[in-house]
Amino acid sequence: MVEEHLDVLTSSGQKTGISKPRGAVHRDGDYHRAVHVWIFAESSQQLLLQKRADSKDSWPGQWDISSAGHVSAGDSSLITARRELQEELGLTLPEDAFELLFVFLQQSVTNNGTFFNNEFDDVYLVTTVAPIPLEAFTLQESEVSAVKYISVEEYKQALTIKDPQYVPNSIDGQYGQLFDIIAKRYQSNVEARCLDIQKKINRYAHITLSAELTGLTEEDKEALVLVIHAARLMDNIFHQQVWCSNPSLRDWLKGRAQISEFDKLKWIYYSINKTPWSCLDENEAFLTTADSAIILVPEAAKPNVGWKGVEYKAAFPLWKPPGANFYPPDMDKMEFELWTKGDEKQDAAGFFSIIKRNTDSASDLYSVPYSQEYSSFLTRASELLHKAGDLTSSPSLKRLLHSKADAFLSNDYYDSDIAWMELDSKLDVTIGPYETYEDVLFGYKATFEAFIGVRDDKATAQVKLFGDHLQVLEQNLPMDSIYKSSEVISAPIRVVQLVYNSGDVKGPQTVAFNLPNDERIVKDRGTSMVMLKNVSEAKFKLILQPIVDVCIIKEQRELVDFDSFFTHTICHECCHGIGPHTITLPSGQKSTVRLELQELHSAMEEAKADIVGLWALKFLIDKGLLPKSLVKSMYVSFLAGCFRSVRFGLEEAHGKGQALQFNWLYEKGAFVLHPDETFSVDFDKIEDAVEGLSRVILTTQAKGDKDAAQQLLANYCVMTKPLKVALEKLEMVQVPVDIAPEFPVVDELFQEK
């Protein structure tokens with residue numbers, strides 16, 4: 001027999017691209033990977049154990065993990081877990097039955113110092129509703145002689161006393177998490193969980209957002225109804241993009257929302273986050289797999305009289321997966337980068353495709369365009385947008401709707417994004433795949449979203465100044481001239497009153513956006529901005545003003561007003577359109593900031609837009625284009641805004657970027673903490689501090705220097721004592737962290753139609 005080969009890993013568990021025979025791996029002490037799969041029956045609180053065959057060279061005839069095995073070279077963890085379960089126990093389950101609990105590094109030396117085991121064990125839990133009948137298993141005789149269920153407590157006791165019938169798995173240290181997780185999951189107090197989720201919900205101010213529709217023609221109102229129907233489909237796609245079992249979890253929670261107060265609260269908070277992970281808690285799960293959907297697989301095991309088949313809980317991990325559902329859940333960065341070296345993998349890093357595995361060959365990654373992966377939703381959305389395009393009398397809106405409808409099916413969004421930039425219509429529509437925040441692994445993949453609004457013509461006319469001066473701002477940016485572009489194009493800015501949003505609008509609500517993110521369009525045509533004025537007004541009134549009252553020194557509170565807050569928001573979005581985008585690396589190779597900074601790009605880009613936006617406002621004031629009275633108010637409003645955004649959490653791009661800026665400015669003495677735990681701006685120091693940070697971020701982006709970006713974020717993206725002081729004060733007086741909007745005008749429209 002050919003000896004099994006294993007992938008050699010780094011000491012941190014990443015693939016090196018090298019594989020060796022299994023014997024050589026253990027001889028040389030190479031790091032490698034294995035899987036442990038535990039089957040847990042919820043109703044009886046029992047674990048399934050297998051009895052190792054008497055012919056096994058280690059632990060023969062002893063009771064052990066439900067299923068386990070090495071990950072062979074070229075294979076993946078999840079595929080191995082599924083295969084081991086099928087081969088050893090005859091149990092065939094889909095991917096969403098497997099919950100990765102943790103990774104355990106097992107290290108030992110045996111056989112008189114000749115056998116070195118440095119093994120990363122991926123520990124999976126499969127949760128079934130009830131025990132699987134033992135007769136339903138098909139045992140691999142060379143590996144397994146029997147199976148049995150045992151209560152968690154009985155098994156734990158057997159391991160504690162080192163019962164010789166059982167393989168001596170550790171119940172202490174890191175591996176003891178298995179028992180701790182199960183105990184915590186099923187011994188939790190419902191009343192306590194209700195209070196906890198209610199407290200989380202209370203961090204959001206529930207508010208009704210309305211917009212005046214009288215300026216729309218009757219045709220546009222009819223088109224609006226169709227567009228909102230299409231926008232609702234973006235929710236379906238986004239739920240799927242986040243995690244494979246997320247749609248089934250959504251349907252399960254919604255269907256049970258009226259059963260109890262606890263179920264109602266779970267559904268409300270899930271609806272805010274659109275996932276089981278809490279945006280404001282560093283994406284920690286507020287639900288567990290025990291709360292998830294029950295899925296029946298009749299053919300998962302041998303038929304058994306009176307038994308309908310395996311019922312399992314659709315699983316999701318305790319912490320949000322960095323690759324969301326854009327990549328195989330067990331794919332690491334090294335594997336992706338090795339694969340993308342091939343000539344035919346050019347679209348792998350593109351915005352509009354997902355990466356999958358060929359189930360027959362774990363090493364065979366391939367990309368699937370969005371138009372194919374989400375075809376059932378996009379086909380319907382395309383039909384709705386074509387119908388809406390036929391109805392509207394606005395030429396630019398007609399062009400946008402038809403081109404976007406075509407893009408949903410062709411997967412080519414270039415023309416539709418140009419049409420979006422040139423939109424000149426009372427009814428303002430943004431719909432499609434745009435932002436890449438969910439892809440924390442690389443920052444490549446775009447999520448679907450929709451923002452439907454009515455243009456505020458007066459406010460739009462007032463902000464034209466900013467878009468018209470982008471080239472002037474670009475040429476005066478605080479970075480070396482070699483990095484500046486001479487081709488920055490004026491950016492159209494539209495101010496709208498939001499009517500409805502959907503898709504990637506979970507958790508903290510956006511007040512503005514600058515699109516598209518496609519570097520080809522940014523280079524050729526620039527960007528366009530949309531400001532959501534009624535969202536900004538709600539956040540200022542319900543969040544920023546209370547923050548000012550609590551955290552800002554009394555003498556500077558009156559400097560904060562809505563105009564300074566909104567003006568900086570405008571400049572923030574404008575500054576997404578200037579600075580480095582397409583860059584030349586030291587090697588002379590052309591690239592983009594997004595591709596070079598990868599998962600760090602979003603946080604760095606948000607920090608850039610914020611701090612350079614502040615620099616740009618001062619520049620425009622000095623040129624006499626904005627009133628000097630804005631100077632102090634914009635700086636103090638920015639300080640208060642730091643506390644608002646950091647409350648989103650340091651796992652979120654805006655929160656990361658804001659922590660970086662606050663800590664830098666505080667270090668430079670531009671922000672001051674007083675004995676009464678209020679803060680102020682030192683107006684003599686802040687201008688230089690803002691320019692200094694702007695220069696560092698812009699230069700890091702221009703060089704595509706990921707190491708420098710990593711170091712900058714590591715140094716400054718931390719929860720420092722001054723930040724903790726502010727956040728604890730806000731928590732004490734229960735200032736909302738963000739808003740949870742409702743859109744009654746949509747219900748009114750649907751009733752009319």
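The following conversation goes through the fold of one predicted chain.

Trainee: What kind of model is this, and how are its residues numbered?
Mentor: This is a predicted model, in which local features need pLDDT of at least 70, side-chain atom pairs count only at pLDDT 80 or more, and totals for chains, interfaces and linings use all residues. Residues are numbered from 1 along each chain as its sequence is written, and side-chain values use heavy atoms, with hydrogens and water left out.

Trainee: How many helices and strands are there?
Mentor: The chain has 28 helices and 26 strands. These are DSSP runs numbered from the N terminus: helices are H or I with at least four residues, strands E with at least two.

Trainee: Why is the chain called as compact as a globular protein of that length?
Mentor: Its radius of gyration is 28 Å, close to the 27 Å that the globule rule gives for 753 residues, so the chain is as compact as a globular protein of that length. The radius is taken over C-alpha atoms, and the rule is 2.2 Å times the number of residues to the power 0.38.

Trainee: Changing topic, what is the strand order in the open sheet of 5 strands?
Mentor: The order is β17-β18-β19-β21-β20, with mixed pairing. Strands pair if DSSP finds at least two bridges between them. The edge strands, each pairing on one side only, are β17 (427-433) and β20 (512-515).

Trainee: And how many bridges join β17 to β18?
Mentor: There are 7, and the two strands run antiparallel. Valine 429 has isoleucine 452 in β18 as its bridge partner.
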